[in-house]
Amino acid sequence: MSKLFCPKCGNETGIFYDNVCEQCFIGNKKLIECPRVVYARICPGCGSFFKKGKWLQEGDENEAIVHCVKDNLKLNKEAQDIELELSPKQLDHSRYQVHMEAKAKISGAQINAAQDAQVRINWETCETCSRVSGGYFEGIVQIRADRRIPTADEIKKCLDIAGDVASRAQEKGDRLAFIAKTVELDEGVDLYVGLMKLGKQICRAIIDAFGGRFTESPKLVGQKNGEDLYRITFALRLPEFVRGDIINADGKVIEVQSCGKHVSGIDIETGRRFMENFENLMDVKKLGRRDDAVQAVLVADEGRTIQVLDPETYDTVTLKRPEFLSAEPGDEIKIIKTDKGLYVLP
Ligand SMILES: [Zn+2]
Ligand SMILES: [Zn+2]
């Protein structure tokens, strides 16, 4: 095998890269280029950093620093199989030293490089953090009930649901999915939400749990950078009837188990299950609540009818015998007095 010599340095070589030896070839190449000093805009509140007009959140401060250096780093375009390692080291509150090591191949020649850069942090509160601290909101969720006042228990559950929905959205990265303010009112509660989308998600989750409906109405509140700025009011209405209500539904007397799009419950005259689309009911009216029921003595069971002693008037009242009744004369049973008369509760 004939000996080859590099025309540039004169050293003996086995392979040529661009007509020179590997050493001379590598000597001409720069694998990485990075300014000695890199400036990073980082939010002290959340650690997100500013990149190309946007605030990005990426892990901790170290990761933000690494990302900023990478953005300023130029890699040789011919390089292949690049291995890059960046090790940040904090110098003081606002400065990091980042050591870079890179390995790659250019036209098959192995090339290594190392460099240091200093990152100087400009601390700057990001848009999201200033919105969060400034009580910014895009929507109001008004939680009310249809033709009644929501119960304290319902309000509490609604607030729990809203809180869960907001934390889930935040975990997914929607940092503005926060509840800026909660205002309790006589007629319900208002939630001020940082993100329109969150308002809708909260309404849907509450309706999933309780039934009801909501409407959205946008309101123009001003302009920002030439664009119209809207706020949305989500008017949520919990259903008129709740579990335990005794209602008249088109002539049937129903103890409600749930009420949303559908009303379901027990027909207390027959003991049978009842289920109907709320919209299909023509005449619906609340007669009372299970809590209003009183104890009364069953005086006689006559097959198709029973006699009950009215605990207030001590009159004996004759009622249709409900199919579910298993009490014997002399026993106490639960009855409820309504505008439609007396009813035995299952
Ligand atoms: Zn050479
Ligand atoms: Zn921030």
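Predicted model: local features only at pLDDT ≥ 70, side-chain atom pairs only at ≥ 80, totals over all residues.
## Domains

The domain assignment divides the protein into domain 1 (16-127), domain 2 (135-238) and domain 3 (245-344). Taken over C-alpha atoms, the centres of domain 1 and domain 2 are separated by 44 Å.

## Sheet with strands E16 to E20

One open sheet is formed by 5 strands in the order E19-E18-E17-E16-E20, and its pairing is antiparallel. Its edge strands are strand E19 (273-277) and strand E20 (284-289), each of which pairs on one side only. From one strand to the next, the twist averages 40°.

Within this sheet, strand E16 (residues 245-249) runs antiparallel to E20, and 5 bridges join the two. Opposite Asn248 stands Lys285, a residue of E20.

## Sheet with strands E21 to E25

A further open sheet contains 5 strands in the order E23-E22-E21-E24-E25, again with antiparallel pairing. Strand E23 (316-320) and strand E25 (341-344) each have a single partner strand, so one side of each is left without a neighbour in the sheet. Direction ignored, neighbouring strands of this sheet are turned by 45° against each other on average.

The pairing of strand E21 (residues 294-301) with strand E22 (residues 305-309) is antiparallel and extends over 4 bridges. Here Asp301 stands opposite Ile306, which belongs to E22.

## Basis of the pairing

Strands of a sheet pair through backbone hydrogen bonds, in either a parallel or an antiparallel manner. The antiparallel manner applies to the sheet ordered E19-E18-E17-E16-E20 and to the sheet ordered E23-E22-E21-E24-E25.

Key:
Residues numbered from 1 in each chain as written. Chains lettered and ligands numbered in written order. Domains from an automatic or database assignment. Pairing = 2+ DSSP bridges. Axes fitted to C-alpha atoms, helices over the stretch in contact; angles between N-to-C directions.
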